[in-house]
Amino acid sequence: MQTLWFILVGFMLTMYVVLDGFDLGAGAIHLFAAKNDEERRMILRAIGPVWDGNEVWLIAAGGTIFFTFPLLYASSFSGFYLPLIIVLWLLMFRGVSVELRSRIANPVWASFWDGMFFLGSTLLAIFFGAAMANVIRGVPLDKSGIFFEALWTDFNPFSANPGILDWYTVLVGLMALAALIVHGATYIAVKVEGPLNARSRLIARGALVATIVLTILTTIATFAVQPQMSTNYLGNPWGFIFPAIALIGLIGVGYFNFRQRDLASFISSCAFIVGMLASVAFGLYPLLLPAVNRANSLTIYNASASQYALTVGLIWWILGMILAIIYFTFTYRTFWGKVSSVGGYE
Amino acid sequence: MDTSTIFSRLQFAFTISFHYLFPQFTMGLALLLVILKVLYVWRKDERYNSSAHFWGKIFAISFVFGVVTGIPMEFQFGTNWARFSAYAGEIIAQTLAMEGAFAFFLESAFLGIFLFGEQVFGQKMHLFSAIMLWLGTWASGGFIIASNAWMQHPVGYTMTPDGKLHLTNYWAVLFNPWIIPDFMHAISGAVITAAFVMTGLGAYYLLAKQHNDYARIFVTIGVIVGLIASAFQLFPTGDMEGSQVTAYQPTKLAAMVKCSITAITSWLGWVPFSSPSWPWPVSCSGGAGSSPRAGCTGFCSWRSLSHSSPISPVGSRPNLVASPGLPSDCCTPSTAHLRSSRQVMSSLRWSVSPVCTCCWG
């Protein structure tokens, strides 16, 4: 049951990254891809009907972790107090900037919120990458499952008292930014036409090169930082299927980009993200939050709720997810196709 | 209390109060949007549809503020109240996560359709999306109140000898008797808020002699809905809520009464409670009674009084001592069944609780 919930929580977080990932990526590039106010609005219209639904996956995943692995929720959220508060501010500014930018017809006002949207999206991509890297690397948990991490200490991932930011987590953060820029740029290319489409393709191509380089570096570093990775992969070689999905996705993004098949390129980018996150989850299992002192690590067994709670949770969770997938299919079908130049955010 | 606890409380109190401004408004406005859309479909008067568009924009912006201020609230259960989360997460997070799965997805999907899909789908779908949006916001309120109701009136759990809390009866938590009065009272409050906002804007336009047609619609709908909801707020929901507090949380009642009376009398320039004749040592300013150490032995003895509702020692019981001053809330000290001043003293600690959740979450 715990293993099942490990997979389901992983599924929800992956859904969040795949869906909110493209609007984060779109936010990170919209200042460079769009050359005028009309094009910026087109980008906002491309993500407008879906971005807050995408963000719901984060809230739903948070709630699910809360009741399935209460100790993980408590330990990680209090230990990551500082970066989480930063993330919250960024989420807030990013969310309101989409809604507020076009409410007052003033170039300074619009530019300010454009800047906030860019800053929020870019830093969130980096912070989410760094957060994942912190989980992979491990945190200084004590016996009672409590820890606190400073924003930075000695920038050394092998130290006994690591900080949120060290060379490893920053590397993964940059990799996440590059991957989400690819994701966002391929999405924008699907949704718009004309010069904006061409520029998005160009940005996707440039970010793809950065993603490839950073992926190679982070993969090497991850196996060095977290020994559980090699144990899992060498013990169960079938797990190499996940990195293989990521690799195929990465190749697909580039191939379809040059063939100008935007949708296929975007789907490849989804496959890359799913493959990467599944690889990390497979490599960490059964750890949820590794500790610097391995004996104190939180696993799916010592952090989980009771069997009864996990069982009743599973029943309504399945029902809720079926409904959520119906809504999402419906919404995305509704807003399928290129965005027009009229509609919301006038 | 140490400084970090004080700051944690202040931070959470601010987060939750600021957050609630928005869902309170949107829960009420969702109903008004449905009313406007139904009137449009029924009477085919374009003004109702334009009004729905106008308030739809205000709804959207308030909804987004509600979402982005709601995420910090969920996160702060973990960041600020980690011990509580590890202790009770298995139970209260069931309903929190259900809110995400059943209400948030629904709301966000149909908000997108409501705002962006009218031309594509036509009027029936637009009305349908308004109704789904309304159901979604109210379901969301219901689930969060279910979480809060458990904190007010814990049911369906067991405690293992090592002090861990476990869920034993899911249906008991979901159908906690505390939920119904709480939910209806909160919802009618939300409808009042939105109705008054609509009335207020309409009244402004009327006085300013602008948009007269629309102003009349806003004032008419706002006043009618606001009047019904106000009556409903007093009776039966306010009364039910008051009886519930009287029966299960006499301390909270005592604090409400004392605070209301203190507020009124001190405003009149007369402070009656410095005299020793006042039997209930309830402090509104959280002075002597707010020391957690002082309360611990008292709490245990309070439990040993075998109160009709055994309250678990959840580390952060929320209370809101901010009643709107309803008759049922403030005029019934005689029914408080305050067994002894010791009981009040010992349970006082909970009335100045660490998580100052308002009673409707």
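H211(B) lies in the loop between helix 7 and helix 8 of chain B. In this predicted model, its phi is near 40°, a positive value in a residue other than glycine. H211(B) is partly exposed, because 19 other C-beta atoms lie within 10 Å and a buried residue needs 20 or more.

Y205(B) belongs to helix 7 of chain B, residues 179-208. Y205(B) has 18 C-beta neighbours inside 10 Å, so Y205(B) counts as partly exposed. V219(B) is 14 residues from Y205(B) along the chain, and their C-alpha atoms are separated by 9.7 Å.

**Chain B as a whole**

Chain B has 361 residues, and buried residues make up 48% of them. Its elements are twelve helices and two strands. From the N terminus on, the order is α-α-α-α-α-β-β-α-α-α-α-α-α-α. Consider the contacts in chain B with a separation of 6 or more. Residues 24 or more positions apart account for 78% of them.

Two further residues of chain B show how sequence and space compare. K44(B) sits in the loop between helix 1 (3-43) and helix 2 (46-79) of chain B. K44(B) is exposed, because the count of other C-beta atoms within 10 Å is 10 and exposed residues have 12 or fewer. L135(B) lies in helix 5 of chain B, residues 123-152. With 16 other C-beta atoms within 10 Å, L135(B) is partly exposed.

| Pair | Apart in sequence | C-alpha to C-alpha |
|---|---|---|
| Y205(B) and V219(B) | 14 residues | 9.7 Å |
| K44(B) and A13(B) | 31 residues | 46 Å |
| L135(B) and Q249(B) | 114 residues | 31 Å |

**Backbone features**

Each chain has a cis peptide bond to report. In chain B, the bond from F235(B) to P236(B) is cis, with omega near 10°. P236(B) is found in helix 8 of chain B, residues 212-248. In chain A, the bond from Y285(A) to P286(A) is cis, with omega near 0°. P286(A) is placed in the loop between helix 11 (262-284) and strand 1 (287-289) of chain A.

Chain A also has a residue with positive phi. Q260(A) is not a glycine, yet its phi is positive, about 60°. Q260(A) lies in the loop between helix 10 (241-258) and helix 11 of chain A. Q260(A) has 12 other C-beta atoms within 10 Å, so Q260(A) is exposed.

Helix 1 of chain A covers residues 2-33 and has 32 residues. At 1.5 Å a residue, the helix should span 46 Å. The end C-alpha atoms are 44 Å apart, which agrees. Helix 1 of chain A does bend, by about 35° at G21(A).

**Where the chains meet**

How many residues of chain A are in contact with chain B? There are 49, and they touch 41 residues of chain B. Four elements of chain A give two or more residues to this side: helix 3 (51-68), helix 4, helix 5 (81-100) and helix 12 (307-334). Helix 12 of chain A gives the most, with 15 residues. By class, the side of chain A that touches chain B has 31 nonpolar, 15 polar and three charged residues.

One helix pair shows this meeting in detail. Two packed helices are described by the angle between their axes and the distance between the axes. Helix 4 of chain A (residues 70-79) meets helix 3 of chain B (residues 82-116). Their axes come within 8 Å and cross at roughly 140°. The crossing of helix 4 of chain A and helix 3 of chain B is right-handed. Helix 4 of chain A contributes P70(A), L71(A), Y73(A), A74(A), S75(A), F77(A) and S78(A) to the contact. Helix 3 of chain B contributes A82(B), R83(B), S85(B), A86(B), G89(B), E90(B) and A93(B). The residues of this contact divide into eight nonpolar, four polar and two charged.

Conventions: Residues numbered from 1 in each chain as written. Chains lettered and ligands numbered in written order. Predicted model: local features only at pLDDT ≥ 70, side-chain atom pairs only at ≥ 80, totals over all residues. Axes fitted to C-alpha atoms, helices over the stretch in contact; angles between N-to-C directions. Left-handed = near helix turned anticlockwise from the far one by under 90°. Contact = placed C-beta atoms within 7 Å. Nonpolar A, V, L, I, M, F, W, Y, C, P; charged D, E, K, R; others polar. Expected span 1.5 Å × (residues − 1). Bend = angle between axes of the 7 residues up to and from the residue.
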